Amino acid sequence: MTSELEKIDLLRARLGVSYKEAKEALNLADGDVVQALIKLEEKNRHWNEKLHGKGNEFMGQFKTLLEKGQRTKVKIKKDDDTVVEFPATVGALGVLGAMASTPILVVGALGTIAGLVNNYRLEFQEDSDRWEPEVEVPENNFDKNNPQH
């Protein structure tokens, strides 16, 4: 006959759960180690599936944001002339770099002030050249009794 502590140690060794989780699972299974293992595995599987779903959702949102950033252009203009043009994702990386590094932040601030003094301006333009075909699906007027129609 194994003691309750030995059962808890067995659950911990097999699944790497805490003493509290092992004790709760053992209590829910009325001391049956196999049933406690099954309950803990099901609990971990649900958590892993939930985490996997959230990860996929996050990656989908990140890809959408990245694609939108690639379609959006940032233009630095003086009068009507475009001096520099780059995707918005590059600009976002520059902002992140400025937030992470003080020297880059200082250079960015000085560049912004110099640009404002010399009448440079920023323009954001979303690429609208994406062509999407219009597909019209004809109604199905096929008559089974009259196949020649």
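At what angle do helix 1 and helix 2 pack, and how far apart are their axes? I looked this up in a predicted model, where local features need pLDDT of at least 70 and side-chain atom pairs count only at pLDDT 80 or more, while totals for chains, interfaces and linings use all residues. Residues are numbered from 1 along each chain as its sequence is written, and side-chain values use heavy atoms, leaving out hydrogens and water.

Entry one, helix 1 and helix 2. I found that helix 1 (residues 4–15) and helix 2 (residues 19–28) pack at about 115 degrees, with axes 9 Å apart; helices here are DSSP runs of H or I, at least four residues, numbered from the N terminus, and axes are lines fitted to C-alpha atoms over the stretch in contact, with angles from 0 to 180 degrees between N-to-C directions. The two helices are therefore roughly perpendicular, the class for 65 to 115 degrees, as against under 35 for roughly parallel, over 145 for roughly antiparallel and oblique for the rest. I noted E4, L5, K7, I8, D9, L11 and R12 of helix 1 in contact (heavy atoms within 4.5 Å) with Y19, A22, K23, L26 and N27 of helix 2.

Entry two, helix 2 and helix 3. I read an angle of about 120 degrees between helix 2 and helix 3 (residues 33–71), with their axes 8 Å apart, which makes helix 2 oblique to helix 3. On the helix 2 side I listed E21, A25, L26 and L28, which meet V33, A36, K39, L40 and K43 in helix 3.
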